[in-house]
Amino acid sequence: MTDSTQWISQLLQRHVRVLQQQATAPGPDALQALNSLQLADAIVDKRALNREHPDHALQVAIIGPTQSGKSTLVNLLLDTRAASISALAGFTVHAQGYAAGYDEDELQRLTPMMDPLQRVPASELSASELDTYVLEAVPSGPEALLDKGVVWDTPDFDSIDAGTYKRAVMNTVAIADIVVLMVSKDKYGDKSVWDMLQLIHPLSQPLLVCINKLDPQDEQAVLQAFSSRYSQQFDTPLPPVILLPFVARSEPAQRVSLPQARLAPLRDALATARSRVDRAAAMRASKSFIELHRQAWLAPLIEEQRAASAWQELIRSAMTEAEDQYSRDYLNNPDKYDTFNRALAELLTLLEIPGLAPMLSRTRQLVTWPARKLFGAGRDAFDRHSGSARSTAVVDQEELTLQRILDSSLVSLQGALLDHGHGSTRQGSQQAFWMALSQEFRLREAPVRETFLANSEIIRKEFEPQIEAAAQQLYVQLQAQPALLNSLRAARATADAAGVALAVKSGGLAPTDLVLAPAMLSVTTLLTESALGKYLDATKAELRERQRQHITTRLLQGVLAAELVRLGETLPGDALYAQQLEPQLQAQLKERA
C-alpha cells in the first residue's frame, strides 16, 4: 500500500474501532461506509497485485445471500466436490478459494490480497475463528465450465452475523476479475441483494447473475421482474442473467447435475465475461470508486472536527470574557488595582532618602516583588515604625481576581458542554465528541485548576521587572527636575517612608493601603500636581496595558486556554473518529476543507 492510499487503511481501522465501541447496532449509513471502506482497502491491494503480477490467475467470486446455492455453483463450475454443501443457512462463514490449473507458487502471490485474513488449510477452519480463509489447488473434472482459474465461495452477505465476516466477502469481491451473483427465487428482490449490486456497480467488473431454484412456470416472470428493477436502478446494460432450475436432492451433500442445455447459457456467459476482463480498466475504475465514496468515509471525521472547532470557539469566547473580567474587576478597579502603587513603593527606594538608603538597599537585596512569604517581616517592620498592630493577612487582589476568573470560566464552559452534549439535532459523531469531552472535562478539571494556579504565581512574578522598570522611568524623569526630586526627598522623610517601602515589598502592607500612608500621600500629591502629572498618568496607563497583555497572553491564553484546547485534542479515542490523526488522514481532511 503506497503513501497515497495508506489513509484508506487508517480510516478503515478508525471506523471499525468506533463501531465496535457502540452499544447499539450501527445505522445503515455507518454500515454502508464500513462496507465500502473494506472493499476499497482490498481494492488497493488488488491494484498492487495487478501491477506486480499482471498475469496472475483468473479470479471468479461467487457472492450471494443465504441458501442461494453458492457452494453448489462452485462445484458445478469446477466439476468437483471441493465446496462443502449444507442445508443450514450461514453454513459457509469463511472465504474459500479453489484453484484449478495453478500450483502453490502461483497461489502464494494471492495471499497478500486477503490480508488481514490468515490462510489456513481447509481442515483447520473453525466457525469461531472468522479471520481465516482457505486457498487450495483442486483438480477440475471433465465437465468443468471453467478449466483454469480460482473460484471463490463466500459467506452469505445477508445473514444475521454477516457483519462479523463481511471482510471476507469484500476481499473476494475486490480480488475478483469476474463476479457471479447467486440468488434464489425467494431472495432476488431482497434489499441486501440490491445494496450489494449498488456497492459493486462502480467497479465495472464483468458480472453474471444466476437466479437459482426456479420452477419452469416462474422463470419468465422472475426474469422480467429482475430486469425491470435493474434498469430502474442502473443506467448500464443488464448483465447476463442465467436461470437455473430447482433440483430436488435426497440429501444436502448430493451432487447436482444439470443437462447441457441448461448449462450452455452459463458456459457462454462465463466465456464472454472472461474475454471482457481488463485489469487496467479495473484499476481506473477502482480510483473512481474511491473518489465516489471518499466524502462519506470522511464525513464522521469532518463532523467531529467541526465539534472540536466549536469547542475552541467556546474557549475563545470564555477567554474574551476572562480578559474583560480581569480588566473590569482588577486593572480598572481603583479599589483593587495595586500594581502602580508597587511601582511607587519602588520609587521610594530609588529616592535614596538620607538616612534610609542603607536600610532600603538591604531590603532590595532580600525582597523580590511581591515577596509575600517572608513571615510578616515587613509587617513587623511597619508595626515598629508606626506603633500600630496588624493582625489580618494581606490580600492579593490580583490573585483573588484570577481565581474568580478561573471559577467563572470553568463553570461557563461546563454548562456549554452539557448543552452541546444533549443536543437532539446533532450528528452522531458530534454528539459522541461532546459527551466524551464532557466526561473528560469532569475528570481533568482539578488538574487544570492546579496548573492554572501554579502558573499564575510564576507568571505574575515574571511581570515584576516591568514594575521596577516603571519606577525607573519615573526616577529618570525626576532626575531631570532636581527641584522636584529634592522636594520629594524632603517630603515626610521620616521612618514612616522606610516602613511603608519595606512593608509593601515584604508583604506586610497591601499596596492599596499606600494611599493611607502620609509619606506616600505626599509623594503622589507632589507628582500629580507637578509637571510630571501627565507623565505619571501615562506611565500608569502603560503599565496597566502591559500587565493586561502579559496576563492575557501568558496566563489566560498560554495556560488556561492551552489546557482546555489540549483537553479536546487528547480525548480517549476508541469511540471517536478524529483523535490524533495520522498525517495521511490529516492531508485528506485538508483537501476536503
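1. Contact here means heavy atoms within 4.5 Å. By that definition, and leaving aside its neighbours within four places in sequence, glutamine 473 is in contact with Tyr535, Thr539, Glu542 and Arg546. The model is a predicted one.

2. Glutamine 473 belongs to helix 15, which covers residues 464–479.

3. The chain has 20 helices and eight strands. Among contacts with a separation of 6 or more, 81% are between residues 24 or more positions apart.

4. Glutamine 38 is placed in helix 2. Its relative accessibility is 8%, and the limit for buried is under 20%, so glutamine 38 counts as buried. Leaving aside neighbours within four places in sequence, the residues in contact with glutamine 38 are Leu12, Lys166, Arg167 and Met170.

5. Gln38 also takes part in the contact of helix 1 with helix 2. On the helix 1 side, the residues are Ile8, Ser9, Leu11, Leu12, His15, Val16 and Leu19. On the helix 2 side they are Ala30, Ala33, Leu34, Leu37, Gln38, Ala40, Asp41 and Val44. By class, this contact has eleven nonpolar residues, three polar and one charged.

6. How do the two helices pass each other? The axes of helix 1 and helix 2 come within 9 Å and cross at roughly 145 degrees. The crossing of helix 1 past helix 2 is left-handed.

7. Next, the second largest pocket, which has a volume of about 810 Å³. Its lining consists of 30 residues, and those closest to the centre are Val18, Gln22, Gly428, Ser429 and Tyr577. Helix 1 (6–21), helix 2 (28–52), helix 9 (279–331) and helix 14 (428–462) are the elements that give two or more residues to this lining.

8. Which element gives the most to the lining of the second largest pocket? Helix 14 does, with seven residues. Sorted by class, the lining of this pocket has 16 nonpolar, eleven polar and three charged residues.

Conventions:
Residues numbered from 1 in each chain as written. Predicted model: local features only at pLDDT ≥ 70, side-chain atom pairs only at ≥ 80, totals over all residues. Heavy atoms only, no water. 1 Å grid on protein atoms, 1.4 Å probe; cavity = no way out; pocket = protein on both sides within 12 Å on 5 of 7 lines; lining within 4 Å. Points joined across faces, edges and corners; volume = space filled by probe spheres on them. Helix = DSSP H or I, 4+ residues; strand = E, 2+ residues; numbered from the N terminus. Nonpolar A, V, L, I, M, F, W, Y, C, P; charged D, E, K, R; others polar. Buried < 20%, exposed > 50% of the residue type's maximum accessible area, 1.4 Å probe, protein only. Axes fitted to C-alpha atoms, helices over the stretch in contact; angles between N-to-C directions. Left-handed = near helix turned anticlockwise from the far one by under 90°.
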